[in-house]
Amino acid sequence: NKSTVPIGTARQLERKLREYNVPNAGVASNPEFLPEGDAVEKSRRPDRVTVGADTEDDFRIIRRIYSQFVNHVRIRYIETTPETAEAIKYVANTLLLTYISFWNGVGARLGETFQNIRMEDLKRGVTADNRISTWGSYVSNGAGGSCFGKDIQSLIYQLKTAGQPTDMLQSVYGINEYQKTYLIDRAGREAGARFNQKKVALLGLAFKQRTNDMRDASSLKVVETLLARGVSEIRAYDPVATEEAKRFFNPENNHLFEKISYHNSAKEALAGSDMVFISTDWEEFRGLSRTIEQSVKPPFLVLDGRRMIPDYNELTERGYGYIAVGSPYMAPK
């Protein structure tokens, strides 16, 4: 069983096989840990292979399947119980989302509240301690995809059903959801931005770079919120997710989606817009300031959900407003 499944699924399957007298059958839990965008590479060079089974016969069969990894000097081959293997997948994904939510809920709030905190220096200084993970030590407009949100909610349900407290897990999930659209609230509160009848360029639709996957993407919440604020047009661009976006934002399901137009480049999406929201960390959006200057003139507001513009000071000096996760609003100079 290679899926992410509730703890106890392998055991339940085993009972069913016995109930129906299926001969010569064993059950093993073998969760996958393949990040989108790098799945093929991670299949060939995984960080670990985890197998949960009960009998030596079962383990012997799985060892033959994964023979190239069993005694590998770098790849960890882990044999354990089915329940532990199922739990490892949940805990791993939940911990990754916890890292992200910690930096968004603590690091970003510090940088937005106190003057002269340099977010990049804060991250480097904290993660210089080898005990602290560098993964997830960034601030953003929230994590998406098909795994993190689903898995933490499943774990919350499983623990609640068993009568266990889930306050920490609920906070992690809540922080991540809050991040997805709070820049829009900040823009109104700190920059005095008004969205009604404005044209907004939305750069990035996929939940992360190197995929067209939009499941639980931050852009979904951004579009929903902008439309609710009465924008006249959302000028969207993503290098690979446009066709997927058209499926998600089908005007037949919601006539407001007719306000979304799709463009072939960031420069094209920016043209004629009143502000821009950067929602995905595509490399081509890094250092976007020159493209902004070539495409639109001040007054213009940049909402940087991924901190993709390191030379934001130059933008503000040229009359552009800038608001990013982890920094106070920077008014045009």
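Reply: Contact here means heavy atoms within 4.5 Å. Helices (H or I, at least four residues) and strands (E, at least two) are DSSP runs, numbered from the N terminus. This is a predicted model, in which local features need pLDDT of at least 70 and side-chain atom pairs count only at pLDDT 80 or more, while totals for chains, interfaces and linings use all residues. Residues are numbered from 1 along each chain as its sequence is written, and side-chain values use heavy atoms, with hydrogens and water left out.

Me: Which strands do the buried residues of H3 pack against?
Reply: Buried means under 20% relative accessible area, exposed over 50%, and partly exposed in between (1.4 Å probe, protein chains only). In helix H3 (residues 56-65), the buried residues are Asp-58, Phe-59 and Ile-62. They lie on the same side of H3, because their arc around the axis is only 95°, the arc being that of the directions from the helix axis to the C-beta atoms. The strands against which they pack are S1 (48-52) and S2 (76-80).

Me: Which residues are exposed on the other side of H3?
Reply: An α-helix has 3.6 residues a turn, so residues three or four places apart point the same way. On the other side of H3, the exposed residues are Ile-61 and Arg-64.

Me: Which residues touch the most other members of the largest nonpolar core?
Reply: A nonpolar core is a set of buried Ala, Val, Leu, Ile, Met, Phe, Trp, Tyr and Cys residues joined through side-chain atoms within 4.5 Å. The largest one holds 36 residues, and those touching the most other members are Phe-195, Phe-249 and Leu-303.

Me: Which element gives the most to this core?
Reply: Elements that each supply at least two residues of the core include helix H5 (82-113), strand S3 (199-203) and helix H10 (218-228). The element that gives the most, with five residues, is H10.

Me: Between which domains does this core lie?
Reply: Domain bounds come from an automatic or database domain assignment. Residues of the core come from both domains, so the core lies between domain 2 (88-172) and domain 3 (184-330).

Me: How many salt bridges does a search of the whole structure find?
Reply: A salt bridge is a side-chain nitrogen of Lys or Arg within 4 Å of a carboxyl oxygen of Asp or Glu. One of them joins Arg-45 and Glu-41 (2.8 Å, N to O). The number found in the whole structure is 35.

Me: Is Glu-14, which meets Arg-11 in a salt bridge, buried or exposed?
Reply: The side chains of Glu-14 and Arg-11 meet at 3.0 Å, N to O. About one helical turn separates the two, because they are three residues apart in helix H1 (residues 9-19). Arg-11 has a relative accessible area of 23% and is therefore partly exposed. Glu-14, at 15% relative accessibility, counts as buried.

Me: Which residue does the UniProt annotation "active site" cover?
Reply: UniProt positions are given in the numbering used here, feature names are shortened, and annotations may be inferred rather than shown by experiment. The residue is found in the loop between helix H6 (119-127) and helix H7 (148-161). According to the unreviewed UniProt entry, the "active site" residue is Cys-147.
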